[in-house]
Structure formats: structure tokens, C-alpha cells
Amino acid sequence: MGPLGCGIQTGAGTVLNSLGVGAGDALVVSGTGAVGLSAIMAAKAAGATTIVAVDVLPERLEAAKRLGATHLVDGKADDVVDQIKAATGGVGAEYAVDTTAIPAVIGNLIASARFGAKIATVGVPKPDAVAPVALFSGSGVTLVGAIEGDAVPQTFIPKLLAMYKAGEFPFDTLVTTYPFDEIEKAIADTQSGAAVKAVLVMP
């Protein structure tokens, strides 16, 4: 249960609370770490029918597929926007979640979204990160700065646990445990992508 209070709550809460994704909707998730994968699981549980995962690590994209993504896009490709539009029938998605805080990645989400879409940004940007106004002007897109999935932990974490018990939110598949004295390995595995969500176990 360790990760539920932070990244997993953030990803799921952003989809369910901040954006209100529902049955039949289309969602794009850029960055498929713990937050992005939690967003994908929540979108599947909510009944979204098109879930597009964008990442640069093939193993993370495969994890996204296992957890509910219907389409996978290599973030290094030259035609990311075209691939997202194709996955959404050419019209773009109603919703998107960015976990990367990279301006160019957010730009791709705006460019591929349908008019009136809502895009939530949950990543922590570098201090000098900027996005040109031209990306937003005339796009019809609403940007949402979500924090911890706009969740009240006392009520939302029990909801996630109920979803888990019902087989709708298998967050435990994201967790790799490490003895506390292997903290350096846990950090390295997280940075390399070998572990999605490292959890230290105290002696």
C-alpha cells in the first residue's frame, strides 16, 4: 500500500477526479512510469475505450499494454501527433495526461487533441521549462494543473483499494520491493526503468 499516497493516487486521481474520464472516452497518457500507468489503469476501470500510451521505453509501453492501453506510441518517432490522431479516429482525444513536464511533449498532446479537450499536467518541470503561447492560442484546449489527483486521501485511497479488490486496479504489479540496505539499487533501478515503483522494506 506504500505507493498509494503519492504517485499512484496522482495518476488515478487525475483521470477520475481532475478530468472525469468516463465510459467511451479517449485518453492519451504521455510518460508511463508509476503515475502514467496508474492513469491508464484508472481509465480502463472507468470504461475509456481508447487509451493511448506514449513513451520512449519499449518495456514501459508493454507494461501499458498489459494494464489497459489500446494503442502504443514511441515518443521518439517523428510522427507522434499523427499516430495519436490515427488512434483516435482522426479527431483527437477528449482527455490527456502528461507526466513528463517536457514542453515539446505537452505540445504534441495539444496538437493531437480534439477541440475542447482537457489536458492535465502532473509532471514536475525544470525551473526554466516554458511552453510557447502559440501552442494554446486558438486550440480550444483547457490545461489543468493537477496536484495529487485532486484527491482526498481519506476517501480516495479506500476507493482505490476497493477497485483493487474487485480486480479493476492491479497497482501491485507496478511494485518492486527492496530491503532498505539496497536503497541505492532501488534508486538506480527506478532511474533506469528496471523498476516502475520501488518500495523499500524496513528491517
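Analyst: Buried means under 20% relative accessible area, exposed means over 50%, and partly exposed covers the values in between. This is a predicted model, and the values discussed here are computed from it.

User: What makes Asp74 partly exposed?

Analyst: The relative accessibility of Asp74 is 32%.

User: Which label does Lys76 receive, buried or exposed?

Analyst: Lys76 has a relative accessible area of 53%. Exposed requires over 50%, so Lys76 is called exposed.

User: How do you know that Lys76 and Asp74 form a salt bridge?

Analyst: The rule asks for a side-chain nitrogen of Lys or Arg within 4 Å of a carboxyl oxygen of Asp or Glu. For Lys76 and Asp74 the N to O distance is 3.5 Å, so the pair meets the rule. In general, side chains of opposite charge can pair when their charged atoms come close.

User: How many salt bridges does the rule give?

Analyst: The count is three salt bridges.

User: Why is the contact of Arg114 with Glu94 called a salt bridge?

Analyst: The closest N and O atoms of Arg114 and Glu94 are 3.8 Å apart, and the cut-off is within 4 Å, so the contact qualifies. Arg114 sits in the loop between helix H5 (103-112) and strand S5 (118-121), whereas Glu94 sits in the loop between helix H4 (80-87) and strand S4 (95-98). The pair therefore ties together parts that are 20 residues apart in sequence. Arg114 counts as partly exposed, at 29% relative accessibility.

User: What separates Lys185 and Asp189, and what makes them a salt bridge?

Analyst: The N to O distance between the side chains of Lys185 and Asp189 is 3.2 Å, which is within the 4 Å of the rule. Both residues belong to helix H7 (residues 183-192); being four residues apart there, they are separated by about one helical turn. Lys185 has 45% relative accessibility and counts as partly exposed. Asp189 has 13%, and since buried means under 20%, Asp189 is counted as buried.

User: Which residues make the nonpolar surface patch, and what qualifies Met202 for it?

Analyst: The patch is made by Phe180, Ile183, Ile187, Leu200 and Met202, and its area is about 420 Å². A patch residue needs over 30% relative accessible area; Met202 has 57%, so Met202 passes that cut-off and is also called exposed. Met202 is found in the segment after strand S8 (197-201).

User: What is known of the largest cavity, and which residues line it?

Analyst: The structure holds one cavity of 30 Å³ or more, and the space in the largest cavity is about 40 Å³. Its lining consists of Val28, Ile84, Ala93, Tyr95, Ala96, Leu109, Ser112, Ala113, Ala117 and Ile119. The elements that give two or more residues to this lining are S4 and H5.

User: Where is the lining of the largest pocket drawn from?

Analyst: Helix H1 (7-19), helix H2 (34-46) and S8 each supply at least two residues of the lining. The largest share, three residues, comes from H2. The largest pocket holds about 410 Å³ of space and is lined by 20 residues. Gly33, Ala34, Val35, Arg60 and Val196 lie nearest its centre.

User: Where does Phe136 lie, and how far is Phe136 from Pro203?

Analyst: Phe136 lies in the loop between S5 and S6. At 28% relative accessibility, Phe136 counts as partly exposed.

Notes: Residues are numbered from 1 along each chain as its sequence is written. This is a predicted model: local features need pLDDT of at least 70, side-chain atom pairs count only at pLDDT 80 or more; totals for chains, interfaces and linings use all residues. Side-chain values use heavy atoms; hydrogens and water are left out. Buried means under 20% relative accessible area, exposed over 50%, partly exposed in between (1.4 Å probe, protein chains only). Patches are made of residues with over 30% relative accessible area and no salt bridge: like charges are joined within 9 Å, nonpolar side chains (Val, Leu, Ile, Met, Phe, Trp, Tyr) within 5 Å. Accessible areas come from the Shrake-Rupley method with a 1.4 Å probe; for residues, only the protein chains shown count as cover. On a 1 Å grid over the protein atoms alone, a cavity is a set of points where a 1.4 Å probe fits but cannot get out, and a pocket is an open set with protein on both sides within 12 Å along at least five of seven lines; lining residues have an atom within 4 Å of a point. Grid points are joined across faces, edges and corners, and a volume is the space filled by probe spheres set on the points.
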